[in-house]
Amino acid sequence: MPPWPHSLWPHHNGAHDDEQAAIDPSVYDWFIENDIDMIQTDRPQLLLNYLRSKGLHR
């Protein structure tokens, strides 16, 4: 089972956090590239929009 990291604070995800994603949503690629399939976020709409733009969420 893959880990369930969150994007809330940079020290929990190698600085791939919500604040950086607000500037550049491609920050979420780190989660995708590391086979993370659950992401806890304070910016769900931003994450959903990004995943949909990559064909990873319906």
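Which backbone nitrogen does the side chain of threonine 41 reach at 2.9 Å? It is the backbone nitrogen of arginine 43. I shall return to threonine 41 after a few words on the model.

Good morning. The structure is a predicted model, in which local features need pLDDT of at least 70 and side-chain atom pairs count only at pLDDT 80 or more, while totals for chains, interfaces and linings use all residues. Residues are numbered from 1 along each chain as its sequence is written, and side-chain values use heavy atoms, with hydrogens and water left out.

The protein chain has three helices and zero strands, in the order α-α-α from the N terminus. Helices (H or I, at least four residues) and strands (E, at least two) are DSSP runs, numbered from the N terminus. Of the 58 residues, 29% count as buried. Buried denotes under 20% relative accessible area, exposed over 50%, and partly exposed in between, with a 1.4 Å probe and protein chains only. Of the contacts with a separation of 6 or more, 41% are between residues 24 or more positions apart; a contact requires heavy atoms within 4.5 Å.

Let us turn to threonine 41. It sits in the loop between helix 2 (29–33) and helix 3 (44–53). Why is threonine 41 classed as buried? Because its relative accessible area is 17%, and the limit for buried is under 20%. Its side chain also makes a polar contact with the side chain of aspartate 18, at 2.7 Å. A polar contact is a pair of N or O atoms within 3.5 Å; within protein, one must be able to donate a hydrogen and the other to accept it, and residues adjacent in sequence count only if both atoms are side-chain atoms. Not counting residues up to four places away in sequence, threonine 41 touches Ser7, Leu8, Asp18, Tyr28 and Leu47.

Aspartate 42 counts as exposed, at 62% relative accessibility. Leaving aside neighbours within four places in sequence, aspartate 42 is in contact with Leu8 and Asp18. The C-alpha atoms of aspartate 42 and serine 7 are 7.8 Å apart, although 35 residues separate the two along the chain.

Glutamine 20 is partly exposed, at 38% relative accessibility.

I now come to helix 3. Its buried residues include Leu47, Tyr50 and Leu51. Seen down the helix axis, the buried residues fall within an arc of 95°, so they line one face of helix 3; the arc is that of the directions from the helix axis to the C-beta atoms. Helix 2 is part of what covers these buried residues. After helix 3 comes glycine 55, with a positive phi near 70°.

Finally, the largest pocket has about 190 Å³ of space. Its lining includes Thr41, Leu47 and Leu51. Helix 3 provides the largest share of that lining, three residues.

Methods
On a 1 Å grid over the protein atoms alone, a cavity is a set of points where a 1.4 Å probe fits but cannot get out, and a pocket is an open set with protein on both sides within 12 Å along at least five of seven lines; lining residues have an atom within 4 Å of a point. Grid points are joined across faces, edges and corners, and a volume is the space filled by probe spheres set on the points.
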